[in-house]
Amino acid sequence: LVSCLKLNENMNKKKVEVNKILMLHDDFNMDLFFKWDLKMLPFIIGWFERASDIPRDFEANLEQRKLSAMYQFGRNFSCLYGM
């Protein structure tokens, strides 16, 4: 809790938001985005790319999380591609 409160000292609140999300959520459940089919995937990948540019003092494993999100989309929509 103290580390989350310490993040609030940063004046850039977008960076604070992203870092808090990454600190508090180890894995992202993409089920909520499936109702938009694959239209959301570029936005989600873009979010991870922007998040990778934000400095942080903890290990975020962004590449692993991004691959996990992409895998969830691929697994859910594999029927569209005959897999």
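Where is Phe 73 found? Phe 73 is in helix 4. Before I go on, please keep in mind that this is a predicted model.

Phe 73 is buried, and its relative accessible area is 1%. Leaving aside residues up to four places away in sequence, Phe 73 touches Met 30, Phe 33, Phe 34, Asp 37, Leu 38, Met 40, Leu 41 and Ile 44.

Met 30 sits in the loop between helix 2 and helix 3. Is Met 30 buried or exposed? Met 30 is buried, with a relative accessible area of 3%. The contacts of Met 30, again without residues up to four places away in sequence, are Ile 44, Ala 69, Gln 72 and Phe 73. Between the C-alpha atoms of Met 30 and Ala 69 there are 6.4 Å, while 39 residues separate the pair along the chain.

That brings me to the core. In general, nonpolar side chains in soluble globular proteins tend to be buried together. Here the largest nonpolar core has 15 residues. Those with the most contacts inside this core are Leu 22, Met 30, Ile 44, Phe 48, Leu 62 and Phe 73. Three helices each supply at least two residues of the core: helix 2, which runs 13-24, helix 3, which runs 41-52, and helix 4, which runs 62-76. Which helix gives the most to this core? That is helix 3, with 4 residues.

Next, how helix 3 and helix 4 pack. Two packed helices are described by the angle between their axes and the distance between the axes. The axes of helix 3 and helix 4 cross at roughly 175 degrees and come within 10 Å. The cut-off for roughly antiparallel is an angle over 145 degrees, so helix 3 and helix 4 are roughly antiparallel to each other.

On the helix 3 side, the residues that take part in this contact are Leu 41, Ile 44, Ile 45, Phe 48, Glu 49, Ala 51 and Ser 52. On the helix 4 side they are Leu 62, Arg 65, Lys 66, Ala 69, Met 70 and Phe 73. Sorted by class, the contact has 9 nonpolar, 1 polar and 3 charged residues.

As a general point, side chains of opposite charge can pair when their charged atoms come close. How many salt bridges does the structure hold? The structure holds 2.

One is between Lys 66 and Glu 49, with the closest N and O atoms 2.3 Å apart. Lys 66 belongs to helix 4 and Glu 49 to helix 3, so this pair ties together parts that are 17 residues apart in sequence. Lys 66 is buried, at a relative accessible area of 10%, whereas Glu 49 counts as partly exposed at 37% relative accessibility.

The other salt bridge joins the side chains of Glu 63 and Lys 66, at 3.5 Å from N to O. Both of these residues are in helix 4, 3 residues apart, which is a separation of about one helical turn. Through shared partners, the salt bridges join Glu 49, Glu 63 and Lys 66 into one network.

Over to helix 2, where Asn 19 lies. Asn 19 counts as buried, with 5% relative accessibility. Not counting residues up to four places away in sequence, Asn 19 touches Leu 7, Ile 54, Pro 55, Arg 56 and Phe 58.

Last, two backbone details in the loops. Asp 37, which is in the loop between helix 2 and helix 3, has a positive phi of about 60 degrees although it is not a glycine. At 41% relative accessibility, Asp 37 counts as partly exposed.

Asn 61 lies in the loop between helix 3 and helix 4. Phi of Asn 61 is also positive, near 50 degrees, and this residue is not a glycine either. Asn 61 is partly exposed, with a relative accessible area of 38%.

Key. Residues are numbered from 1 along each chain as its sequence is written. This is a predicted model: local features need pLDDT of at least 70, side-chain atom pairs count only at pLDDT 80 or more; totals for chains, interfaces and linings use all residues. Side-chain values use heavy atoms; hydrogens and water are left out. A nonpolar core is a set of buried Ala, Val, Leu, Ile, Met, Phe, Trp, Tyr and Cys residues joined through side-chain atoms within 4.5 Å. Buried means under 20% relative accessible area, exposed over 50%, partly exposed in between (1.4 Å probe, protein chains only). A salt bridge is a side-chain nitrogen of Lys or Arg within 4 Å of a carboxyl oxygen of Asp or Glu. Contact means heavy atoms within 4.5 Å. Axes are lines fitted to C-alpha atoms, for helices over the stretch in contact, and angles run from 0 to 180 degrees between N-to-C directions. Angles under 35 degrees count as roughly parallel, over 145 as roughly antiparallel, 65 to 115 as roughly perpendicular and the rest as oblique. Ala, Val, Leu, Ile, Met, Phe, Trp, Tyr, Cys and Pro count as nonpolar, Asp, Glu, Lys and Arg as charged, and the others, Gly among them, as polar.
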